[in-house]
Each structure stands twice: as structure tokens, then as C-alpha cells.
Amino acid sequence: MTLRKKMMIGLGLVLVVALALTYVRWGPKAWEVQITGTTGDGREIQYRIDTVYAGTADTLIFKNTDAGFMPPYFKFDSANLQSVANRVTRECPQEPVTVNGYGLRIPFMNMFPNATSIEAPERCRKAPSDSGQG
């Protein structure tokens, strides 16, 4: 095998590993969880969505920040998503929902996955006034 061929194979392997690590870090994921609370004001304190895995006591905390123009997410609605999380917490605290997002939870690096959307039943997403209450 020639040196040029070995270098091409090595470069290909490095590229595959780099793409795999990029996907693991920023690729889309979905978690089935119960939302237990929310924190943050979006300015001085970062938005957070506190959850537990559905049917367990194992916690998973999401950050909820705008991704800006970072492909492929282009997320600019963290305040709206925080409002949805607040309503789900208030209206359906025991209801399992699907939180879509990207990233990893690495505690010693203080890393949290970033939530991009919440899939919850419509009755959990509606404001109390929508159902004739209040």
C-alpha cells in the first residue's frame, strides 16, 4: 500500500470519527419525561426545564436557550417554549411528554441538553381560560 493511499484512509477515518462525534453532540434527540418545574428569567438566570424520566425518579434538566443561526436548529423561541413548559407543569404535572432537543448531559462539565420543542397533549398546552375556566 502506498503512502498516499494510507494517508487517504487515515483522513477518511478522522472525518468519519469527527462526523460521528458532531452528531452525538448536536444531533436531534427525544426524551420521554414528566416536567416537574421551570426556572429562569431568560436574562440573568438561564431558562431551565426540570424533568424526571417518565415513571422514574431519575432527573434530567434541560437548558432552554436560543440557538440563533446555528444550523440545523435556528431556534429563536426559548421564551415561548418556557411558557409551554410552565403550562404543562401547571396543567398536567403527571403527564409524560416528549421533549425534543440536542446535546448531552455531562454533570462535571455543567452541560445540559437544549430543548427545542415539547410534544404534549393539547389539553396540557392550553391556558386555563381556553377551557372555560377562570
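Me: Is Tyr47 buried or exposed?
Reply: Use the cut-off: buried means under 20% relative accessible area. In this predicted model, Tyr47 has 15% relative accessibility, so it counts as buried. Tyr47 sits in the loop between strand S1 (28-39) and strand S2 (48-53).

Me: Which residues does Tyr47 touch, leaving out those up to four places away in sequence?
Reply: Among them are Thr39, Phe62, Asn64, Ser78 and Gln82.

Me: Where is Asn64?
Reply: Asn64 is in the loop between strand S3 (59-63) and helix H2 (78-91). Asn64 is buried, because its relative accessible area is 1%. Its contacts include Tyr47, Ile49, Leu81 and Asn114. The Asn64 side chain also makes a polar contact with the side chain of Lys75, at 2.6 Å.

Me: Now charges. How many salt bridges does the structure hold?
Reply: Start with the idea: side chains of opposite charge can pair when their charged atoms come close. This structure holds two salt bridges. In one, the side chains of Arg90 and Glu91 meet, at 3.4 Å from N to O. Arg90 is partly exposed at 49%, and Glu91 is partly exposed at 28%.

Me: Which residue forms a salt bridge with Glu95?
Reply: Arg123 does, with the closest N and O atoms 2.7 Å apart. Arg123 lies in helix H3 (residues 122-125) and Glu95 in the loop between H2 and strand S4 (97-102), so the pair ties together parts 28 residues apart in sequence.

Me: Is Arg123 buried or exposed?
Reply: Arg123 counts as exposed, at 54% relative accessibility. Glu95 is partly exposed, at 22%.

Definitions and conventions: Residues numbered from 1 in each chain as written. Predicted model: local features only at pLDDT ≥ 70, side-chain atom pairs only at ≥ 80, totals over all residues. Heavy atoms only, no water. Helix = DSSP H or I, 4+ residues; strand = E, 2+ residues; numbered from the N terminus. Buried < 20%, exposed > 50% of the residue type's maximum accessible area, 1.4 Å probe, protein only. Contact = heavy atoms within 4.5 Å. Polar contact = N/O pair within 3.5 Å; in protein donor to acceptor, adjacent residues only side chain to side chain. Salt bridge = Lys/Arg side-chain N within 4 Å of Asp/Glu carboxyl O.
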